[in-house]
Amino acid sequence: MNSIGGIYLSLKNYPLAEYFLQNALKIAQEISAYDNERDTHENLAKLYEETKRPFLALQSLRRYVHLKDSLSQTENIKAFLQKELQYNYEKQKLADSIRNEQALAIKNTEIAKQQAEIRAKKNEQIALFGGLFSALVLASVLYNRFRVTSKQKKIIEKQKNEVEKQKGIVEAQKTEIEHKNQNILDSIRYAQRIQNSLIPNDKEWYQIFPKSFILYKPRDIVAGDFYWLEVHNGNVFFAVADCTGHGVPGAMVSMVCSSALTKIVIEENIIQPNLILERAKKIVVETFSKHSEQEVKDGMEIALCSFSLTNPYQLFFCGAKRPLWLLRENEIIEYDGDKIPVSQFEYHEKQAFSQSIIDLKQNDRIFLFSDGYTDQFGGEKNRKIGSKNLKNWLKESASMPVAEQGIWLNEKLTSWQQDESQTDDISLIGIEIT
């Protein structure tokens, strides 16, 4: 009836709503259904408010609030009593469990005590007989051990004497090896001085090329790489060469090749770069094959240039497997060398070196280099620097003064190399045209 009355109330049919709500209230009070009485008073309060009967609305509202609080308090008391009963039950259950466990623990302790006494008696018997047996075994072992130790002591003394003897021999050999190594190192240092005397000194170089840099890094004190400069009869000749091998063997080849270039220009007065390399090839082959019937492939790869002091803007270039790069207005122009080395190779015998004539402009920069720079391993993936990276670095540093560019390129090489060992001899020369 309360629900029906609530529906009529929402439909604004107040007479029927009041009829059903009053009947619902009467029944709820008769059967003491306080929760139904509470809900009915809530609807009656709304009805009286909407029909403008404030006094009755206030009475129903007060009765609604009173029943609501009473029912809520009753529910809280019931919940509290239920929790208290549950707590007392759990408390009694825990006490019973503790008493049972204590009784079981006392029983187990008595059993363990009895078992321990039995084991103790057995252990005493075993220990007695075991001790006697162990004493006999120990005595036998100690006796045998004494005999073995005596023999080992004699052997060790003999070995010690032998080791001391060998140690003396090793020390003597070490001293001899160190002495020989020092002699070899002194010889290599002397070879370095000889090689350095064959390459241009700084004063001579920078007098001809005031705006330039030289990046020259032998891998093993002496190098198979070398750079070369000669001024003869009003002409300037310069080159970067990479000879077969590195270290002492490479240095020996480089000295032969460097001396051959100087002889050809100064003594034979040959001034065209392609003809200089043709002649150098013959001298190198004759030098290395003079005392050998086998084909000797020692020689060099080289980038060779020349110009007249009267016309320094016209450059003559010839390359044997080495290029010349021209940096102009932040672009690289490549002049490839011939794919022929300055050495003895049968399939190259009929090929001749070619020559390029390059017209230079002020502020142009030319670069000659061996493959040591581009072949250096390192970087994040341990790869070679490569020609692409070198070109990018040259363009990236093009705005620097040329001397600073050389320092910057060396720093880039070191950064790339990181902890890797130097792969090969490194030669890189940059010259700015003034």
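**Figure 1. Secondary structure and overall dimensions of the predicted model.** In this predicted model, the secondary structure of the protein amounts to nine helices and twelve strands. The radius of gyration is 54 Å, whereas a compact globule of 434 residues would have a value near 22 Å. Taken along the principal axes, the box filled by the C-alpha atoms is roughly 140 × 100 × 40 Å. Of the 434 residues, 33% count as buried.

**Figure 2. The aromatic pair of Tyr19 and Phe20.** Twelve aromatic pairs are present in the structure. One of them is formed by Tyr19 and Phe20, whose rings are arranged edge-to-face with 5.2 Å from centre to centre and 80° between the planes.

Figure 3. Phe209 and Phe307 form an edge-to-face aromatic pair, in which the ring centres are 6.2 Å apart and the planes make an angle of 65°. Phe209 belongs to the loop between α5 (202-208) and β1 (212-217), and Phe307 belongs to strand β4 (residues 300-308), so the pair ties together parts that are 98 residues apart in sequence. Phe209 has a relative accessibility of 6% and therefore counts as buried, and Phe307, with a relative accessible area of 9%, is buried as well. Both residues also take part in a cluster in which ring pairs link Trp205, Phe209, Tyr216, Tyr227, Phe238 and Phe307.

**Figure 4. A lysine placed over the ring of Trp325.** Lys391 lies over the face of Trp325, and its distance from the ring centre is 5.3 Å.

**Figure 5. The salt bridge between Arg219 and Asp220.** Side chains of opposite charge can pair when their charged atoms come close. In this model the count of salt bridges comes to 13. One of them joins Arg219 to Asp220, with 3.1 Å between the closest N and O atoms. Arg219 has a relative accessible area of 33%, so this residue is partly exposed, and Asp220, at 32%, is partly exposed too.

Figure 6. The closest N and O atoms of Glu268 and Arg279 are 2.9 Å apart, and the two residues form a salt bridge. This pair links distant parts of the chain, eleven residues apart, with Glu268 in the loop between α6 (247-267) and α7 (273-289) and Arg279 in helix α7. Glu268 is partly exposed, its relative accessible area being 28%, and Arg279 likewise counts as partly exposed, at 24% relative accessibility.

**Figure 7. The buried salt bridge of Glu432 and Arg365.** The side chains of Glu432 and Arg365 meet in a salt bridge, with an N to O distance of 3.2 Å. Glu432 is located in strand β12 (residues 426-432) and Arg365 in strand β9 (residues 365-369), so that the pair, 67 residues apart, links distant parts of the chain. Both Glu432 and Arg365 are buried. Elsewhere, salt bridges that share partners join Lys263, Glu268 and Arg279 into one network.

Figure 8. Met1, Ile27 and Ile31 form a nonpolar patch on the surface, and together they have about 290 Å² of accessible area. Ile31 lies in the loop between α2 (14-30) and α3 (34-50), and this residue counts as exposed because its relative accessibility is 56%. Ser32 is also found in the loop between α2 and α3. Its phi is near 55°, a positive value in a residue other than glycine. With a relative accessible area of 40%, Ser32 is partly exposed.

**Figure 9. The positive phi of Lys321.** Most residues other than glycine have a negative phi. Lys321, a residue other than glycine, has a positive phi near 65°. This lysine lies in the loop between β5 (311-320) and β6 (324-328). Its relative accessible area is 41%, so Lys321 counts as partly exposed.

Conventions
Residues are numbered from 1 along each chain as its sequence is written. This is a predicted model: local features need pLDDT of at least 70, side-chain atom pairs count only at pLDDT 80 or more; totals for chains, interfaces and linings use all residues. Side-chain values use heavy atoms; hydrogens and water are left out. Rings of Phe, Tyr and Trp (its six-membered ring) pair if their centres lie within 6.5 Å; planes under 30 degrees apart count as stacked, over 60 as edge-to-face and the rest as tilted. Helices (H or I, at least four residues) and strands (E, at least two) are DSSP runs, numbered from the N terminus. Buried means under 20% relative accessible area, exposed over 50%, partly exposed in between (1.4 Å probe, protein chains only). A charge sits over a ring if NZ of Lys or CZ of Arg is within 6 Å of the ring centre and within 35 degrees of the ring normal. A salt bridge is a side-chain nitrogen of Lys or Arg within 4 Å of a carboxyl oxygen of Asp or Glu. Patches are made of residues with over 30% relative accessible area and no salt bridge: like charges are joined within 9 Å, nonpolar side chains (Val, Leu, Ile, Met, Phe, Trp, Tyr) within 5 Å. Accessible areas come from the Shrake-Rupley method with a 1.4 Å probe; for residues, only the protein chains shown count as cover. The radius of gyration is taken over C-alpha atoms; the globule rule is 2.2 Å times the number of residues to the power 0.38.
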